[in-house]
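Here's a quick briefing to read with the model open beside you. Take it topic by topic and find each spot as you go.

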Amino acid sequence: MPELPEVETIRRELEPQIVGATIVDATSHESAKFRPARDAVGGRFTASTRRGKYLLLGLHDDRELVIHLGMTGQLHVDPPTSSSTDPYTRASWHFDDGRTLVFRDVRRFGRIRVVPTGEHADITTLAALGPEPLGPDFTAEGLWQAMRGSKRRVKTQLLSQRPVAGVGNIYADEALWRARVYPAARTLTRSQAERLHRTIIEVLQAGVDNGGTTLRDYRTVAGDEGSNQHYLDCYGRAGEPCPRCATALRSQVWDARTTTFCPRCQPR
DNA sequence: GTTGCGTCCTGGACGC
DNA sequence: TGCGTCCAGGACGCAA
């Protein structure tokens, strides 16, 4: 399930493969979520950026191909000789040099848009994203202020992408565990926010450094698995001893999202 | 405006 | 072995 580190890993691998390529044709699944892929025909890739979990592929005509990978989205570039007939291909962009950029998404939770560069008002979540966690705009004070303004559970707020961009279930559980914050807390002290600010950066940077977390579907552009799954302390380890205090980690569903936490290190 | 829940979507795990 | 049920979760829509 691609979160910020996975999307950033894909972006870094993809950019040198697509910049300069012109899209001469495109196909897509009939769903409205994927049909806009065809709007990119005629564009030439100039650069790539990322906002949270959104991949922004710049085109020469002041437009952007915006891709959200959802839970199971994958991107790879097929060579001219490929005759792939993958039933889970949801969109493909054919280049002037014969290669094809393929968007594969088994569960069809991904989405694709083509918009004028920087005009994201129609993509509500993208437009409302909080600061980039690995950039200078993400501060402990800003996180605390953002969290103070809501009565929702701390983890639910993180998943909303508003206090900070790019955090999903895996990295939220890891950051909260490291910060010793109870995931269902509805208020944060300033010192808790400072710890959480630090641990969000730590876990996301580690994820990027390790090429992302592969639990099932995530693959890099080259088709490789990430390695961050080998360094997770908390997520998906319910029943196992907490690496810090040896208390059995617990799993609980809040707001329809499964959360793993340590009942001793992360008290109410 | 905020909050919480249902829905989308399908492969895999599990129980019978 | 085969079938049915449940679970995973990011984003969005809707009702309260």
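Around DNA strand B sit Tyr-88, Val-106, Arg-107, Arg-108, Phe-109, Ser-150, Lys-151, Arg-152, Arg-186 and Asp-255, where a residue is near a strand if one of its heavy atoms lies within 4 Å of it. Keep in mind that this is a predicted model, in which local features need pLDDT of at least 70 and side-chain atom pairs count only at pLDDT 80 or more, while totals for chains, interfaces and linings use all residues. Residues are numbered from 1 along each chain as its sequence is written, chains are lettered from A and ligands numbered from 1 in the order in which they are written, and side-chain values use heavy atoms, with hydrogens and water left out.

**DNA strand B**

- By class, the residues near DNA strand B come out as 3 nonpolar, 1 polar and 6 charged. Here Ala, Val, Leu, Ile, Met, Phe, Trp, Tyr, Cys and Pro count as nonpolar, Asp, Glu, Lys and Arg as charged, and the others, Gly among them, as polar.
- Look at the atoms of DNA strand B within 4 Å of the protein: 71% belong to sugar or phosphate, and the rest to bases.
- Lys-151 uses its backbone, with an N or O atom 2.6 Å from a phosphate oxygen of DNA strand B. That is a polar contact (a pair of N or O atoms within 3.5 Å; within protein, one must be able to donate a hydrogen and the other to accept it, and residues adjacent in sequence count only if both atoms are side-chain atoms).
- Arg-186 has a side-chain N or O atom 2.9 Å from a phosphate oxygen of DNA strand B.
- The side chain of Arg-152 puts an N or O atom 3.3 Å from a base nitrogen of DNA strand B.

**DNA strand C**

- DNA strand C has 13 residues around it, and the closest are His-68, Met-71, Phe-109, Thr-125 and Arg-257.
- Of the DNA strand C atoms that come within 4 Å of the protein, sugar and phosphate make up 59%.
- The nearby surface splits into 4 nonpolar, 5 polar and 4 charged residues.
- Arg-257 goes for a base, with a polar side-chain atom 2.4 Å from a base nitrogen of DNA strand C.

**Two domains**

- Chain A is split into domain 1 (4-127) and domain 2 (140-261), with bounds from an automatic or database domain assignment.
- Taken over C-alpha atoms, the centres of domain 1 and domain 2 are 27 Å apart.
- Each side brings 19 residues to the contact, meaning heavy atoms within 4.5 Å.
- About 1,500 Å² is buried between domain 1 and domain 2, with 62% of it from carbon and sulfur atoms. Buried area is the accessible area (1.4 Å probe) that two parts lose on being put together, summed over both.

**Cysteines**

- There are 0 disulfides in the structure, a disulfide being a pair of cysteine sulfur atoms within 2.5 Å.
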